[in-house]
Amino acid sequence: MSLRFQRLILILITLVFLSAAVVLILFNTKQNIVFFYTPTELIENDFILNKKVRIGGYVKKSSFIKKSLNTYEFKITDNVNELLVFYNGILPDLFREGQGTVIEGFLNNNNNIVASKVYAKHDENYMPASIKKELEKNNQWKKNYK
Amino acid sequence: MFNFLINPYKFNKFVDIIFKPLVILTLLVLTAGLFLVYFSPLDYQQGLTVKIMYIHVPSAWLALLTYAIMTIYSIIGLAFKIPFSFIINKAIAPIGAVFTILCLISGSMWGKPMWGTWWVWDARLTSVAILFIVYLLIIFLNQTFENREVREKTIAIFILIGSINLPIIKFSVDWWNTLHQTASISKLSAPSIDMSMLQPLLIMTIGFSMIGVIIAILRIKAEILLRKKFL
Amino acid sequence: MKLIQKIFFFFNREAKLFYSNIGDLFSNILFFFLSIFIFVFALGADEQLLRNVGMGIIWSLLLLSSTLSLRKFYEDDFNNSVIKIIHMGGMSYELIVFLKILSHFFFVQIPFLASIPIACVFFNLPINEVYNLILTFIIGSFILSCLGSISASMNLLNKTNFSIGSLIVLLFFIPVIIFSIGTNNSESDFNSLISLLLGIALIFLGISPWSSAAFIKLALRNK
Amino acid sequence: MLLINNLSFSRNDNIIFQNLNLSLSNRSIAQIRGKNGSGKTTFLNVILNFLESKTGEIFWEGKNIKKNIFNFYNKTTFIMDHNTCTRKMTVLDNINFWSRLSSSKLTKDEIVLLLETFNIQKYQNTKTMYLSSGEIRKLELLRLILEQKKLWILDEPYNHLDDLSIEILNQTFIDHINKDGVILFTSHLKPSINNLEVVDL
């Protein structure tokens, strides 16, 4: 068994291992390292009751109700389906209707969430406030969320 | 033309020529950047806090760029056996570490008002923290081995193994839906950042990278002198 | 044919070496159980808290206590140049590293596997978490052996501080910990996580013989 | 038939030895002499391809050793200056491991006979860490006879040995040469072996 023959076998074995590994990893990377689920994803793989879960989406327009000091109720949606959220605590100053948000909380039975933490998610558009006023003045301002 | 990047003597000659003008140019660029940032408009969503971006984004890019440069140099050093590349690796490791810690601190300062928390365990932030730990390990490894040849080769191989982290950082926002927003500049369509904010950002990036280059030049020259003493 | 006999006697020697200093293994397992007690005292004995936190603590303590036995990997075989004699006996460095990884897996990691159920009793984990823990540990411990081989061969000539070796193991073990604890929260589907862990194990199995052999050759050249 | 032509080696560019030529036909023995630190051990390591030589090649039986290293190793025994037996294993375990590794054809009682000639048979089942350095040295040299290879390369074989053992060692060298073996060893002593080729470093 000369050295080169041994090394050749080991090269073949390593290539087989590496290709199998790449296939395994690429095939199922998507679902599991997830920071948050969208409401549709959550509903698809059937709710997990009272298990800590993170949901990301947009605050539905005109669904924001301020019940009392620091307790709020709003709907979170990803333009497909939506979930009702109860939250009491301080909201980040970026948070308002139509804004992207990530919620950590527990699902109680009829598909609404008691949130323990609310993050405001900033999308990637930066635009000076001045231009926004002009656009609003001659009402070209339209908020098209995908 | 480019072999001052590989040959220490040519590097010294080239550097002596361009060092003084480079320092003056950097001061100019930085003052221009300072004014542009001061007069840059507030963001329609965040208002004043967006100004942290002018430190956070350049230091993030330069942290990744420094590691990419170190990876290229370790490949050159190992494959073509050029000793100068190991000198450069040793010299620019701390610069990358400083840029990474700058990016982490400015990022978390920006996160508190925007997201509502100093630190959140998501893919982009954790992988940048791992990059910082890799930088620290490289700096510590530089002090461990007695034998120079073993030390250089081990660190070069370690940098190569650690470079798996670069694509993870770059594409972590696109692969997994993370709290950190996707890239504003590299989108194929028009960049979703307004022109009046893009200019100061680019100026600040150029300023930061020139500071990095100056410090790198000083450290590499010091390293060459150190190496000559032992040679 | 002769090579298989040599491999068999290589394992025979590893077994003899393992049984001759069995004290090392017991000190590792003792470290594992003592640190479990420390965690339990630190967290207080409240049932529900221990149950939630148990799997994570056990996994990280397994990782830490297996980095204790890193120095034993190549250190004494390298110092008295037995590696050179084995290489002259007809085995390439890559094959020696591969056999070392397998023998480390059998003689160091399997006893840890035996001590997991006892640790789970201390944290009164539910049965499915214990099952998750054992399954992910089998794959995880193999990755630990590969990583241990890489970091041990990297630090052969490193006389000053050996802790860099365990730092490297901890650093590269982060994704494995994320996935193996991920099997616990039930939204992520189980067998995709396990195949992900298998993928990482295969990657490390692929690169560790080559990188460890390269480090050993480097160390032999500059002894 | 070992042939070395203009071998030179330098460690981070200070030259250890330069264009060294040596040719050892069958039935020949050579000694490498030099003051300490003159690169004797490095020379042996370069011959055995554990160190990369700067220039020059080494031929064993006409073929360059870099091409088929395992054929070369298959016919060589290398005894180092430091002890390579495992301290935590007994003498017999070490010997069994060595004989299996080099697939030697010695039977069990031949091995016991060998132990008697080196008079370390009473330590058969004791761990090597309890033996004296002279006895461990004899155990190392025992590997020469155990593996029955053609080319013997030894590094400082005579240190730690008493006169009787040196006499036995010289005798084994002469027997090996008569069975047309090749021996190359480094030592600063001047052993009384006839037609000894001397290489000065």
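Which strands of chain D does helix α6 lie across? The views below come from a predicted model.

**View 1. Helix α6 of chain D on its strands.** Helix α6 spans residues 163–178 of chain D. This helix lies across β3, β7 and β8 of chain D. Its direction runs at about 145 degrees to β8(D).

**View 2. The open sheet of chain D.** Five strands build this sheet, and the pairing is parallel. Their order is β6-β7-β8-β3-β9. Strands β6 (76–79) and β9 (196–200) of chain D form the edges, each pairing on one side only. From one strand to the next, the twist averages 15 degrees. Helix α1 (residues 40–47) of chain D also packs on the sheet. Helix α1 touches β3, β7 (151–155) and β8 (182–186) of chain D. The direction of α1 makes about 150 degrees with that of β7(D).

View 3. Strand β3 covers residues 28–33 of chain D. β3 and β9(D) pair in the parallel sense over five bridges. Within this pair, A30(D) stands opposite E197(D) of β9(D). In general, strands of a sheet pair through backbone hydrogen bonds.

**View 4. The largest nonpolar core.** This core holds 171 residues. Those touching the most other members are I58(C), I143(C), L147(C), A201(C) and I153(D). Helix α3 (residues 83–115) of chain B gives the largest share of the core, with 15 residues.

**View 5. Contacts of A201(C).** A201(C) is one of the core residues that touch the most other members. Leaving out residues up to four places away in sequence, A201(C) touches I139(C), F142(C) and I143(C).

Definitions and conventions. Residues are numbered from 1 along each chain as its sequence is written. Chains are lettered from A and ligands numbered from 1 in the order in which they are written. This is a predicted model: local features need pLDDT of at least 70, side-chain atom pairs count only at pLDDT 80 or more; totals for chains, interfaces and linings use all residues. Two strands pair if DSSP finds at least two bridges between them. Helices (H or I, at least four residues) and strands (E, at least two) are DSSP runs, numbered from the N terminus. Axes are lines fitted to C-alpha atoms, for helices over the stretch in contact, and angles run from 0 to 180 degrees between N-to-C directions. Two residues are in contact if their C-beta atoms, placed from the backbone, lie within 7 Å. A nonpolar core is a set of buried Ala, Val, Leu, Ile, Met, Phe, Trp, Tyr and Cys residues joined through C-beta atoms within 7 Å. A residue is buried if 20 or more other C-beta atoms lie within 10 Å of its own, exposed if 12 or fewer, and partly exposed in between; C-beta atoms are placed from the backbone.
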